[in-house]
Amino acid sequence: MSVVSLLGVKVLNNPAKFNDSYHFEITFECLEQLQKDLEWKLTYVGSATSSEHDQELDSLLVGPIPVGVNKFLFEADPPDLRRIPSTEILGVTVILLTCSYDGREFVRVGYYVNNEYDSEELNAEPPSKPDIERVKRNVLAEKPRVTRFAIKWDTEDSAPAEFPPEQPEADTVEDDGAGYGAEEVELEEGLKAELAAEEAKAVAEGEDEEMGGADDNVGAKEKEDGSDAGSEDLEAESSGSEDEDVEEEEGEGDEDMEMGEGEQSRGSNERKAPIGQNVEHSEVMVH
């Protein structure tokens, strides 16, 4: 647990000219009495491609620190233009506000800073040599990037764990590497047995399907034979009825009766036709 917690940072003069000093109001809380002072620093990142152009704008020692909530003002000088590449003066860069205790950094706050001219004309057509008097800075104070680090404070108990805790009981546990190998062999044999059973079952089901298909073929053949026989009987019956009709025509000569019987025979054939057809269709606050 951190003894000092950063509660908030306010950028007081923002936006401002490039050559103006930085002014911050910093609020933090101290949970225990500290033996040493806190060191605050403000660093300006002069180039995005190399840390050689970074420069410390100012540093401040704060102490002694009373327990509770504390607030103070931190003022830092503007960056030295001689240490910044001319091509890096305009545009977006970063400032870092850090705090350390006994040389150990425990909190870092980063802000984006946009440097541009104070007129649209100069921004549209900037001069070859930057005009610093016309350059203004704007710190994006609403979106800080806060990073915290666990450090050792005044006591050894506050030091963060550098190594995992000791486990002396781990040396007394029997090595079960052989057990792991036996379990793998047993698992492999079980899988092989299951695969063999599945293959045997698939073969048996295939034989049943072949036998079932043969039975279906026999049944279909029997049905075809039965349908042929039925059609022959129907033809025989129809021929017999025709013979009877002829005999009745010769014997009686009644034309009305012959018409009636012919209509009845045709009607019976029309009622049987559908049967066959049926068969065919299937940011944030800083804390």
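Me: What makes Gly-91 of this predicted model partly exposed?
Reply: Its relative accessibility is 26%.

Me: Why is Thr-43 called buried?
Reply: The relative accessibility of Thr-43 is 19%. Buried means under 20%, so Thr-43 counts as buried. Thr-43 lies in strand S4, residues 38-45. Leaving out residues up to four places away in sequence, Thr-43 touches Asp-54, Gln-55, Glu-56 and Leu-57, and also Val-94, Ile-95 and Leu-96.

Me: Why does Thr-147 count as partly exposed?
Reply: Thr-147 has a relative accessible area of 32%. Under 20% would be buried and over 50% exposed, so Thr-147 is partly exposed. Its place is in strand S10. Beyond four places in sequence, Thr-147 touches Phe-106, Val-107 and Arg-108. Thr-147 and Phe-106 are 41 residues apart along the chain, with 8.3 Å between their C-alpha atoms.

Me: Why is the pair of Tyr-22 and Phe-24 called stacked?
Reply: The structure holds six aromatic pairs. In the pair of Tyr-22 and Phe-24, the ring centres are 6.3 Å apart and the planes are at 5 degrees. Centres within 6.5 Å make a pair and planes under 30 degrees apart count as stacked, so this pair is stacked. Both Tyr-22 and Phe-24 are buried.

Me: What makes the pair of Phe-106 and Trp-153 tilted?
Reply: The centres of the Phe-106 and Trp-153 rings are 5.0 Å apart, with 55 degrees between the planes. Stacked requires under 30 degrees and edge-to-face over 60, so the pair is tilted. Phe-106 lies in strand S8 (residues 104-117), while Trp-153 lies in the loop between strand S10 (145-148) and helix H2 (177-251), so the pair ties together parts that are 47 residues apart in sequence. Both Phe-106 and Trp-153 are buried.

Me: What lies over the face of Tyr-22, and how do you know?
Reply: Arg-137 lies over the face of Tyr-22, at 3.7 Å from the ring centre. The distance limit for a charge over a ring is within 6 Å, so 3.7 Å meets that limit.

Me: Which residues have the most contacts inside the largest nonpolar core?
Reply: Leu-38 and Trp-40 have the most contacts inside this core, which has 40 residues. The elements that give two or more residues to the core are strands S1 (4-11), S3 (22-30), S4, S5 (55-62), S6 (68-76), S7, S8 and S9 (135-139). S8 gives the most, with six residues.

Me: What is Trp-40 in contact with, leaving aside its neighbours within four places in sequence?
Reply: Its contacts include Leu-6, Ile-26, Phe-28, Leu-60, Val-62, Phe-72, Phe-74 and Leu-97. Asp-58, Ser-59, Thr-98 and Cys-99 are also among them. Phe-28, Trp-40 and Phe-72 form one aromatic cluster.

Me: Why is Asp-102 called partly exposed, and what is its phi?
Reply: At 37% relative accessibility, Asp-102 falls between the limits of 20% and 50%, so Asp-102 counts as partly exposed. Its phi is positive, about 55 degrees, although Asp-102 is not a glycine. Asp-102 is found in the loop between S7 and S8.

Me: Why should residues 226-287 not be read in detail?
Reply: pLDDT stays under 50 over residues 226-287. Where pLDDT is low, the predicted coordinates should not be read in detail. The model has 19 contacts beyond four places in sequence for residues 226-287. The protein chain averages a pLDDT of 75, and 59% of the residues score at least 70.

Terms used
Residues numbered from 1 in each chain as written. Predicted model: local features only at pLDDT ≥ 70, side-chain atom pairs only at ≥ 80, totals over all residues. Heavy atoms only, no water. Buried < 20%, exposed > 50% of the residue type's maximum accessible area, 1.4 Å probe, protein only. Helix = DSSP H or I, 4+ residues; strand = E, 2+ residues; numbered from the N terminus. Contact = heavy atoms within 4.5 Å. pLDDT = per-residue confidence, 0-100. Lys NZ or Arg CZ within 6 Å of the ring centre and 35° of its normal. Core = buried A, V, L, I, M, F, W, Y, C linked by side-chain atoms within 4.5 Å.
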